[in-house]
Amino acid sequence: MIEPSNPELSEFRIRPAEESDVKLILRFITELGEYEKLSHEVVATEENLRKTLFEQKMAEVIIGESEGQPVGFALFFHNYSTFLGQAGIYLEDLYIKPEMRGKGFGKTMLRHLAKLAVERNCGRLEWACLDWNEPAICFYKGLGAQALNDWTVFRVTGSGLQALAGD
């Protein structure tokens with residue numbers, strides 16, 4: 001997974017998150033919320049991350065470390081494609097600290113997830129990106145990812161979710 005031609009990556013490691021990383025994961029989520037101008041939507045707590053990630057195992061997290069220091073994370077889970085008849089990996093969040101961007105860490109983490117998808121016999125790896133985040137869009141397209149402009153994402157949350165559930 002490490003590109004030997006890039007000296008920045010020689011000390012880069014990816015590891016599965018452990019329960020003791022909950023505080024770090026929440027910090028990365030908070031920083032991502034700030035970057036995406038969505039801080040007001042971050043309501044995650046250490047307690048609910050611990051429960052959903054490590055007790056219920058609803059998603060997985062990998063931590064990227066450079067020279068032993070955490071520089072980013074990715075949170076992902078399996079979804080399923082009825083058309084492919086296969087599971088996929090949905091990348092909910094990929095975050096690299098701003099001062100660590102441009103060193104190949106994000107690309108290496110995406111390659112790690114792609115390898116994981118292949119090992120797990122998944123039909124695809126997919127994610128969403130905010131339409132204003134031009135640096136990320138260019139980065140993803142540079143990796144060969146295609147924007148699905150003919151699809152619209154829908155979401156129901158909060159009181160709307162409760163109403164739809166009939167509560």
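Modeller: Leu164 is classed as exposed because its relative accessibility is 65%, where exposed means over 50% relative accessible area, buried under 20%, and partly exposed in between (1.4 Å probe, protein chains only). The model is predicted, so local features need pLDDT of at least 70 and side-chain atom pairs count only at pLDDT 80 or more, while totals for chains, interfaces and linings use all residues. Residues are numbered from 1 along each chain as its sequence is written, and side-chain values use heavy atoms, leaving out hydrogens and water.

Leu164 belongs to helix H5, residues 158-164 (helices are DSSP runs of H or I with at least four residues, strands are runs of E with at least two, both numbered from the N terminus). Together with Val156 and Leu161, Leu164 forms a nonpolar surface patch with about 290 Å² of accessible area. Such a patch takes residues with over 30% relative accessible area and no salt bridge, joining nonpolar side chains (Val, Leu, Ile, Met, Phe, Trp, Tyr) within 5 Å and like charges within 9 Å; the areas come from the Shrake-Rupley method with a 1.4 Å probe, and only the protein chains shown count as cover.

The charged side chains come next. Seven salt bridges are counted, each being a side-chain nitrogen of Lys or Arg within 4 Å of a carboxyl oxygen of Asp or Glu. One of them joins Arg124 to Glu126, with the closest N and O atoms 3.5 Å apart. Arg124 is partly exposed because its relative accessibility is 34%, and Glu126 is partly exposed at 21%. Elsewhere, salt bridges with shared partners link Arg15, Asp21 and Glu65 into one network.

Asp21 counts as buried because its relative accessible area is 8%, whereas Arg15 is partly exposed at 22%. The side chain of Arg15 also makes a polar contact of 3.0 Å with that of Glu65 (a pair of N or O atoms within 3.5 Å; within protein, one must be able to donate a hydrogen and the other to accept it, and residues adjacent in sequence count only if both atoms are side-chain atoms). Glu65 lies in strand S2, residues 60-66, and is buried because its relative accessibility is 16%.

A further salt bridge pairs Arg27 with Glu31, the closest N and O atoms being 3.6 Å apart. These two residues are four apart in helix H1 (residues 22-35), so about one helical turn separates Arg27 from Glu31.
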